Amino acid sequence: MTLRAGLAAVAIFLAPAAQAQGAPAFPCAETDKQCAWKAMESHATHRLDGWKADFTSPLAERIAAAPPQLVEYLTLDNIFNGFPERPRAAELDAAFLDDVRGALAELPPRISQLIGERLIGLYFVESLGGTGFTDHVKDADGKPVAGFVVLDAAVLRSRTANAWASWKENTPFHAQEPLRLDARIEDGAQDNRKNAIQYILLHELGHVLAIGSDIHPPWYIAPKDLPASASYRFSDLSWKVDREHDSYITVFDADFTQRKNVAYYFGAKLAAADMVATYANLEKTSFPSLYAATNPGDDFAEAFASYVHVVLLQRPWQVTISRSGEVLKVFKACWDEPRCADKRKVLEQILKRLD
Ligand SMILES: [Zn+2]
């Protein structure tokens with residue numbers, strides 16, 4: 001592990017048993033999903049006393065390669081989900097760490113304040129199986145109070161902001177020349193790796209902010225198990241529980257027929273020829289991006305990232321679909337449009353007062 005002097009994490013994982021006896025044996029067989037689920041439920045990564053959490057330390061010091069017990073937890077999660085990747089702690093070079101620290105340091109002060117009270121740490125692995133990962137941490141009473149964020153350093157190492165955003169937004173569609181989809185989230189010299197990291201981080205920090213809140217249902221509770229009386233101030237604007245199918249549906253589904261086939265990262269289900277109609281229907285919803293239409297938690301994470309990036313940091317955000325250079329559709333950030341007015345109001349309330 002190559003860490004620059006002064007960057008050692010404050011959120012060092014404490015594993016007394018492991019320290020006393022050497023590294024513990026991995027608790028489950030590679031294919032035993034049930035074992036993985038049980039081990040995850042009781043795993044020390046979910047307990048605040050399993051971390052030396054010091055929320056008074058500057059955010060810039062909560063950056064590190066993933067400690068062994070966190071790598072174990074991520075491996076269990078991949079076994080449970082059937083992902084082939086086996087994460088390992090990342091080697092972080094000085095230039096990469098400079099970009100991560102810059103991405104954090106340039107967040108608006110109010111965002112840093114909110115995050116500072118809830119982020120255990122920002123940890124880096126390779127072979128995560130995705131770009132980012134966030135999960136919750138509970139206090140001694142079992143109340144979710146904080147979260148940790150994991151990012152895949154290998155995914156981030158060589159991508160600029162627009163290259164990463166274009167790659168991500170293309171993943172729901174089968175590629176077919178001469179149709180193209182380009183995402184633009186930065187201009188000129190700002191289109192760099194630091195700003196790619198910042199945007200990805202903002203999405204994960206949106207997940208951290210929602211932990212233990214009434215923003216949207218927790219991702220670790222099955223939809224069918226949510227109390228019938230539960231209400232959520234952000235996700236109730238566009239989501240409903242389908243108890244029969246133990247899933248979430250949206251209030252736009254009758255007209256937004258492509259939504260059920262929107263799948264990011266793991267296997268496109270839509271044809272390139274569906275791009276224009278998909279984005280035309282997305283414009284009739286209150287979703288700030290196509291990824292936001294996949295589930296309530298990612299709706300909020302996408303809205304938070306987009307709002308901070310576009311409204312607070314005054315940066316560009318648009319998706320352009322073209323054929324042989326001819327522009328067919330431009331989809332823009334929605335914060336000044338009536339379709340997102342209610343979500344903007346709730347976001348602004350949340351940023352004023354989270355609890
Ligand atoms: Zn997410």
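This is a predicted model: local features need pLDDT of at least 70, side-chain atom pairs count only at pLDDT 80 or more; totals for chains, interfaces and linings use all residues.
Residues are numbered from 1 along each chain as its sequence is written, and side-chain values use heavy atoms, with hydrogens and water left out.

I then looked up the bounds: domain 1 covers 16-156 and domain 2 covers 161-352, as given by an automatic or database domain assignment. Their C-alpha centres lie 24 Å apart. Across the interface, 32 residues of domain 1 are in contact with 27 residues of domain 2, contact being heavy atoms within 4.5 Å. I noted two salt bridges between the domains, a salt bridge being a side-chain nitrogen of Lys or Arg within 4 Å of a carboxyl oxygen of Asp or Glu. I also looked up the salt bridge of Asp99 with Arg193, whose closest N and O atoms are 2.8 Å apart.

Next I turned to the zinc ion, whose protein donors are His203 (NE2), His207 (NE2) and Asp298 (OD), at 2.0 to 2.1 Å. Donors are N, O and S atoms within 2.8 Å of the metal (3.2 Å for Na, K and Ca), and as water is not among the atoms, sites may look incomplete. Along the chain the donors follow the spacing H-x3-H-x90-D. His207 lies in helix α8 (residues 193-210) and Asp298 in helix α10 (residues 296-312), so I recorded a pair that links distant parts of the chain, 91 residues apart; helices (H or I, at least four residues) are DSSP runs, numbered from the N terminus. Both His207 and Asp298 are buried, which means under 20% relative accessible area, with exposed over 50% and partly exposed in between (1.4 Å probe, protein chains only).

Last, I checked the two disulfides, each a pair of cysteine sulfur atoms within 2.5 Å. Cys28 is joined to Cys35 with S to S 2.0 Å, and this disulfide is left-handed because the torsion about its S-S bond is about -85°. Cys28 is buried at 9% relative accessibility, whereas Cys35 is partly exposed at 22%. The sulfur atoms of Cys334 and Cys340 are 2.1 Å apart, and their torsion of about -90° makes that disulfide left-handed.

Definitions and conventions. Helices (H or I, at least four residues) and strands (E, at least two) are DSSP runs, numbered from the N terminus.
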